[in-house]
Amino acid sequence: VPARGPTTGGTVVVVHGVQFPEDALCRFGDLFVPSTRISDKEIQCVSPQHRAATVVLEVTSRDRSSFSASYIRYTFESSSETAEDDVQDAAAAGDPHLERLVPDTARPGDSIALIGQRFSSVGYCAFSDPTATLQSRATVVDSSQVTCEVPEPLSSMGTEVTVKYVSISGTSSGGLTFRYPETLL
């Protein structure tokens, strides 16, 4: 409450729910802002600056291990919205999209970056081959990049695996090829 505000941000938003953590963050689309906990059933946060769009407003813990799933909508309004804004808004929704891995070869314990679009706050990287799938928690840099630690491969896995990003918003289609160093296996 309220469910809308200006693109310039600055609107105090009250969110009602249950068992909000002490360290809660409000997530407006892909933008995180701190909150003030009024009680375990109510928090306040200030809307960030955002282009004109309707986004999902979620509450998440600071470590992003838990999140709300109520799909509350918040609308950033602008009096000068154009047809191009509508196209951009439509493109912002949907499943994550992977474009590349940096680097695409690394050792277990190393960090890799997944570059793409529509990455959300809670997700993981899935490293798969026909024999197994390994998960590694993702750290969101922003909506276009996440980082993951490369997991130790199982002995049954080959040197080439497929990497996908899995989140509350969906799973990236396709996947990208990742290679473990030959000397590792």
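This report describes the nonpolar cores and the salt bridges of one predicted model.

The model is predicted, so local features need pLDDT of at least 70 and side-chain atom pairs count only at pLDDT 80 or more, while totals for chains, interfaces and linings use all residues. Residues are numbered from 1 along each chain as its sequence is written, and side-chain values use heavy atoms, with hydrogens and water left out.

**Nonpolar cores**

A nonpolar core is a set of buried Ala, Val, Leu, Ile, Met, Phe, Trp, Tyr and Cys residues joined through side-chain atoms within 4.5 Å. Buried means under 20% relative accessible area, exposed means over 50%, and partly exposed lies in between (1.4 Å probe, protein chains only).

The largest nonpolar core has 22 residues, and those that touch the most other members are Ile112, Leu114, Phe127, Tyr165 and Phe178. Two or more residues come from each of strand 8 (97-102), strand 9 (111-117), strand 10 (123-129), strand 11 (132-142), strand 12 (145-149), strand 13 (160-167) and strand 15 (176-179). Strand 11 gives the most to this core, namely four residues. Strands (E, at least two residues) are DSSP runs, numbered from the N terminus.

Leucine 114 has contacts (heavy atoms within 4.5 Å) with residues that include Leu98, Leu101, Phe119, Cys125, Val146, Cys148, Val163 and Tyr165, not counting residues up to four places away in sequence. Arg100, Ser144, Gln145 and Lys164 are also among the residues that leucine 114 touches.

A second, separate core has 15 residues, among them Phe28, Ile43, Ala53 and Phe76.

**Salt bridges**

A salt bridge is a side-chain nitrogen of Lys or Arg within 4 Å of a carboxyl oxygen of Asp or Glu.

| Pair | N to O distance |
|---|---|
| Glutamate 77 and arginine 4 | 2.3 Å |
| Arginine 27 and glutamate 58 | 2.4 Å |
| Arginine 179 and glutamate 160 | 3.3 Å |

Arginine 27 in strand 3 (residues 25-28) and glutamate 58 in strand 6 (residues 53-60) link distant parts of the chain, 31 residues apart. Both arginine 27 and glutamate 58 are buried.

Arginine 179 in strand 15 and glutamate 160 in strand 13 are 19 residues apart, and this pair also links distant parts of the chain. Arginine 179 is partly exposed at 34% relative accessibility, and glutamate 160 is partly exposed at 45%.
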